[in-house]
Amino acid sequence: MSKTYRIAVIPGDGTGPEVVEQALRVVAACQEPFGFRVETEHYPFGGDRYLETGEVLPDSAVEELRSAHAILLGAIGHPDVKPGILEQGILLKLRFALDQYVNLRPVKLYPGVYTPIKDKGPDEIDFVVVRENTEGLYVGSGGFLRKGTPDEVAVQESVNTRKGVERCLRFAYEYCQRRNKRKKLTLVGKTNVLTYAFDLWERAFNELGAAYPDVERDYAHVDATCMWMVKNPEWFDVLVTDNMFGDIITDLGAMIQGGMGIAAGGNINPEGVSMFEPIGGSAPKYTGKNVINPLAAICAAAMMLEHLGEHEAGARIERAVQWVTGSKLQSLAAGRMGYSTSEVGDLVLAHLAGEVGEG
Ligand code: IPM
Ligand code: MN
């Protein structure tokens, strides 16, 4: 009997459904060659559902999602819904409720992809950001004083627990070992200004590091990291940082690797249910036009299979994506690929089936 994975699918808003459809075609095509089965269940949560019914994400759905083997998410965010409602009510709610405490975001240049830092190639741009995903400025701690008056004060606190920081760091050390490339882990912080939060991070980083003598330890301030990500990306292997800095540097990372069309991420709970997503958002202006690039969603699906232990299938999809970027697409940008959304899906499938490329 082959293994069966129950995958919960949240296509979400905007171009989410279109790109997820292509990713699911690719996943389905892996079933037979790699000897596993996938059962999908769709959850239609997002802006349209909210506007129709007022429902964002009921707790009962969270409970159902908890029993899936993994979740594949398209995009969250709707132009007619006030910013924050869907982001907090769906994306952050799931990350927190399912305790997906790591946000894993590879930054990798695929062949043939135009990057603004033109002299660097796929060998130089290949690093992974481990972003803490359930704490920091994202916990919603703080409040207003004298709101709406000229003396108004708004406080937003960054919460860093020793346990939360340690489990994220441990994941990063182990991931760096498994990845087995430069074996260098860079803590990204701001120890010169955020003298409480990153003091805790730095102490935990060094104390835990003793147990991973083969991993080289490195530290960089977040602002300098932004500079080096562009100037010397080859210095990086695995970076680990808090929630807010991780959010910011992974948008920079996405641009370095060619844009949102290719940037994928995983919200990981190593002991529970993880959720994989293209990190680009819902792109309302491209919705329904069959022009959005599905490769980020397909790479997210590859990360999902990798996470489920289907290493060969994940690697195979990765090679198909490398062939598509290296030999087919004119650009990764929506509308300028030289192919439609579904044709890009077709190309990946043709390569998986061994019909094109070197297979
Ligand atoms: C991301 C997004 C989210 C975040 C938003 C939509 C809440 O920017 O996944 O990086 O800030 O984490
Ligand atoms: Mn972000």
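A pocket is an open set of points on a 1 Å grid over the protein atoms alone, where a 1.4 Å probe fits and protein lies on both sides within 12 Å along at least five of seven lines; its lining residues have an atom within 4 Å of a point. The legends below concern a predicted model, in which local features need pLDDT of at least 70, side-chain atom pairs count only at pLDDT 80 or more, and totals for chains, interfaces and linings use all residues. Residues are numbered from 1 along each chain as its sequence is written, chains are lettered from A and ligands numbered from 1 in the order in which they are written, and side-chain values use heavy atoms, with hydrogens and water left out.

**View 1. The second largest pocket is lined by 17 residues.** E87, L91, R95, R105 and I279 lie nearest the centre of this pocket. The space in the second largest pocket is about 320 Å³, a volume being the space filled by probe spheres set on grid points that are joined across faces, edges and corners. At least two lining residues come from each of β3 (70-75), α4, α8 (243-256) and β12; helices (H or I, at least four residues) and strands (E, at least two) are DSSP runs, numbered from the N terminus. Helix α4 has the largest share of this lining, with four residues. By class, the lining of the second largest pocket holds eight nonpolar, two polar and seven charged residues. Here Ala, Val, Leu, Ile, Met, Phe, Trp, Tyr, Cys and Pro count as nonpolar, Asp, Glu, Lys and Arg as charged, and the others, Gly among them, as polar. Domain 1 (1-101 + 272-359) and domain 2 (115-257) each give at least three residues to this lining; the domain bounds come from an automatic or database domain assignment.

**View 2. E277 and R95 form a salt bridge, with N to O at 3.1 Å.** The pair joins distant parts of the chain, 182 residues apart: E277 is in strand β12 (residues 274-278) and R95 in helix α4 (residues 85-97). A salt bridge is a side-chain nitrogen of Lys or Arg within 4 Å of a carboxyl oxygen of Asp or Glu. E277 counts as buried because its relative accessibility is 6%, and R95 counts as buried at 4%. Buried means under 20% relative accessible area, exposed over 50%, and partly exposed in between (1.4 Å probe, protein chains only). R95 is also one of the residues that lie nearest the centre of the second largest pocket.

**View 3. The largest pocket lies between domain 1 (1-101 + 272-359) and domain 2 (115-257), because both give residues to its lining.** About 930 Å³ of space lies in this pocket. Its lining has 31 residues, with L104, P106, Y175, M303 and E306 nearest the centre. Two or more lining residues come from each of β4, β5 (126-132), α5, β11 (264-268), α9 (295-307) and α10 (311-327). Helix α5 gives seven residues, the largest share of the lining. The lining divides into 17 nonpolar, four polar and 10 charged residues.

View 4. R167 is partly exposed at 23%, as is D99 at 29%. Phi of D99 is near 55°, a positive value in a residue other than glycine. R170 is partly exposed, at 34%.

**View 5. D126, R179, K181 and D237 are linked in a network of salt bridges.** The structure as a whole holds 20 salt bridges.

**View 6. The largest nonpolar core has 87 residues, of which V240 and L295 touch the most other members.** A nonpolar core is a set of buried Ala, Val, Leu, Ile, Met, Phe, Trp, Tyr and Cys residues joined through side-chain atoms within 4.5 Å. Helix α9 gives the most to this core, 10 residues. At least three core residues come from each of domain 1 (1-101 + 272-359) and domain 2 (115-257).

**View 7. A283 has a positive phi of about 40° although it is not a glycine.** A283 is in the loop between β12 and α9, and is partly exposed at 22%.
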